[in-house]
Amino acid sequence: MIPLWWYLILSAALFSIGLFGALARKNAVAILLGIELMLNAVNINLVSFWRYNDPTRIDGQVFAIIVFAVAAAEVAVGLALVISVYRRRNTVVADEIDLMKW
Amino acid sequence: MTVAQIIFLITAAVILGSAAMVVTTRNLVHAALWLIVTLFGAAVLFAMLNAGFIAVVQVVVYIGAIAILFIFAVMLTRREMNDTGPGLNKGWWLSAVTSALTFGGLVWLLQGWDGLSKVAPALGSEFDAIGALANALVSPEAYVLPFEVASVLLLAALVGAVYIAFQRKGEE
């Protein structure tokens, strides 16, 4: 049987890789890819806690479903913003989108 | 070492390797395709955790919708077919230090917790996880309100995304 901490370490590592991607990438689409990795790490955590705690209480899976819905909404709006910015400024590099930088 | 442990280790290696490729590869279409590999590995993990519905939703929603959306966004926002210049910004080592510190902090937090070597309780043969999830999502005692709020959120996000990305007349 797989102990719980294997899942937790895996999702911590996946979260850290996603954090690196969100912080270090130049392209705005790549930043969103990093955020997707982080959301997936959270989902693995939620589902493994559901399985290892008390499977008759279904709360962990419901949380994971809500995270799915929020991730879909976030990606739709985020990519629409990226496309809109690309249309106006002809760039998707996050450093060059500095209209609100003083 | 049991078969489940071997499958877990292979899946974990695939997930972490493809996630590293997602954040480091320069070609964004390749990054999106590596993201699909990562998401599929997560779906395998959900199936191993007896969360069948989550595994299917992972494949349908994440791989079928979100990853495809990413590929379309990459195609719509590229000036030329080859991405030029470095994919990481100048302070990338600072980001690497931050994420390594995050990982170290999480591991440090975890090793002080006493529930780590917990093994999964056996599921009764008559226990129906998908039925229980369905009941929880529509039962007024449980999660019907967050469920409805999530559907309104998706509708609002849909309308907002269309409005933001809409090309008005007179714009080039």
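In which loop of chain B is Asn50(B) found? In this predicted model, Asn50(B) lies in the loop between H2 and H3 of chain B. Although Asn50(B) is not a glycine, its phi is positive, at about 65°.

When residues up to four places away in sequence are left aside, Ala55(B) touches Ala43(B), Phe46(B) and Ala47(B). Between the C-alpha atoms of Ala55(B) and Leu155(B), which stand 100 residues apart along the chain, the separation is 24 Å. The domain assignment of chain B gives domain 1 as residues 1-82 and domain 2 as residues 128-172, and the centres of these two domains, taken over C-alpha atoms, are separated by 23 Å.

The interface between the chains brings 73 residues of chain B into contact with 60 residues of chain A. On the side of chain B that touches chain A, two or more residues are given by each of the helices H1 (3-24), H2 (28-48), H3 (52-76), H4 (92-111), H5 (129-138) and H6 (144-165) of chain B. The largest share of this side, 11 residues, is contributed by H4(B). By class, the side of chain B that touches chain A comprises 58 nonpolar, 14 polar and one charged residues.

Within chain A, helix H2 (residues 28-53) packs with helix H3 (residues 59-89) at an angle of about 175°, and their axes are 9 Å apart. As angles over 145 degrees are classed in this way, H2(A) and H3(A) are therefore roughly antiparallel to each other. Residues of H2(A) in this contact include Leu32(A), Glu36(A), Leu39(A), Asn43(A), Phe49(A) and Trp50(A), while those of H3(A) include Gly60(A), Gln61(A), Phe63(A), Val67(A) and Val82(A). The residues of the contact of H2(A) with H3(A) divide into 16 nonpolar, four polar and one charged.

With regard to confidence, chain A has an average pLDDT of 87, and 99% of the residues score at least 70. Among the elements of chain A, the lowest mean pLDDT, 89, belongs to H3(A), whereas the highest, 91, belongs to helix H1 (residues 4-24) of chain A.

Definitions and conventions:
Residues numbered from 1 in each chain as written. Chains lettered and ligands numbered in written order. Predicted model: local features only at pLDDT ≥ 70, side-chain atom pairs only at ≥ 80, totals over all residues. Contact = placed C-beta atoms within 7 Å. Helix = DSSP H or I, 4+ residues; strand = E, 2+ residues; numbered from the N terminus. Nonpolar A, V, L, I, M, F, W, Y, C, P; charged D, E, K, R; others polar. Axes fitted to C-alpha atoms, helices over the stretch in contact; angles between N-to-C directions. Parallel < 35°, antiparallel > 145°, perpendicular 65-115°, else oblique. pLDDT = per-residue confidence, 0-100. Domains from an automatic or database assignment.
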